[in-house]
Amino acid sequence: MKSAKILAIVACACLLSVTMMYSARHAYAQDDDQVDEDAGSWSTPGGGSADEESSPDMKKPPLDVQGCWDGTAIDNNPTLGMGTVIFESLEQDGKKLEKTSNFDFRFAGGSYNALGHLTGAVSSTGFTFKGSAGKGCPISGSATGDDTSMTGKFKFGKKCKHDFDSGTFAIFNPCT
C-alpha cells in the first residue's frame, strides 16, 4: 500500500514537471515573438497585455488619413471658445505622418490662429500628432474615428499657452 502511494506521488510529480516545462517553453516562445513584433514600433503607456497584442485590432492596417480634414475646434480658453481646425496636406507613409503635413487652428474670427507642420503616427482607429506653431509653441493631440470623420483633443504649450489652451475638435474628410 505504501509503495502504491509513493508511485502515485512520483507519477503526479513527473506529470506536473512535464506540464511546467511545456508551459515555460510556450511562454518563452511567445516572448521571442513579441520582441520581434515590437521592434521599431510605436507603443502605448503600460505596454498592453498579451491578450491585447493578439487582438484583431492590432492586425488591422492604419487608416488612410492623407489629404485634407477640417471641422470645428473648441478651446478651453474662454476668450477663444469655438473656432475651426484644418489638417491639410496630410501625407502618410504607412503608420507615419510625414513632416510635410500641416495644421491650422483659428479662433475669434481669425484673430487668433496657430499654424505649422506636424508629425505623428496613424493606427487603425485614428492618429496622434505633435507639431509647432513657431519657436516655443508646441502642440500635441490625437483623433479617433474612421476614414470619414474623427473627434479628438489638442493641447498647446509653452509660449502659446498664454493665448491658446487645450480643447477638442471634430473633423471630416475631405475638407469642405
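Modeller: Happy to! One definition first: two strands pair if DSSP finds at least two bridges between them. Keep in mind that this is a predicted model.

Colleague: Thanks! How many bridges join β7 to β8?

Modeller: These two strands form a hairpin with three residues between them. One of the pairings puts S140 with K155 in β8 as its bridge partner. The strands run antiparallel, and the number of bridges joining β7 to β8 is seven.

Colleague: And on the other side of the pairing list, which residue in β9 does T151 stand opposite?

Modeller: β8 also runs antiparallel to β9, with seven bridges joining them. Within β9, the residue opposite T151 is A170.

Colleague: Which side chains along β8 point to one face and are buried?

Modeller: The side chains alternate along this strand. Buried here means under 20% relative accessible area.

Colleague: Let's turn to the largest nonpolar core. Which element gives the largest share of this core?

Modeller: The core has 27 residues, and V65, F87, F105, F127, F154, F156 and F169 touch the most other members. Elements that give two or more residues include β1, β2, β8 and β9. The largest share is four residues, and the strand it comes from is β4.

Colleague: Leaving out residues up to four places away in sequence, which residues does V65 touch?

Modeller: V65 is one of the residues that touch the most other core members. With residues up to four places away in sequence not counted, its contacts are L90, Q92, L97, V122, F127 and M150.

Colleague: What separation do the C-alpha atoms of T128 and G152 have?

Modeller: Along the chain they are 24 residues apart, and their C-alpha atoms are separated by 9.2 Å.

Colleague: To finish, what percentage of the residues in the chain is buried?

Modeller: The chain has two helices and nine strands, and it exposes about 11500 Å², with carbon and sulfur atoms supplying 59% of that. Of its 176 residues, the buried ones make up 28%.

Methods: Residues numbered from 1 in each chain as written. Predicted model: local features only at pLDDT ≥ 70, side-chain atom pairs only at ≥ 80, totals over all residues. Heavy atoms only, no water. Core = buried A, V, L, I, M, F, W, Y, C linked by side-chain atoms within 4.5 Å. Buried < 20%, exposed > 50% of the residue type's maximum accessible area, 1.4 Å probe, protein only. Contact = heavy atoms within 4.5 Å. Areas by Shrake-Rupley, 256 points an atom, 1.4 Å probe, with all protein chains shown as cover.
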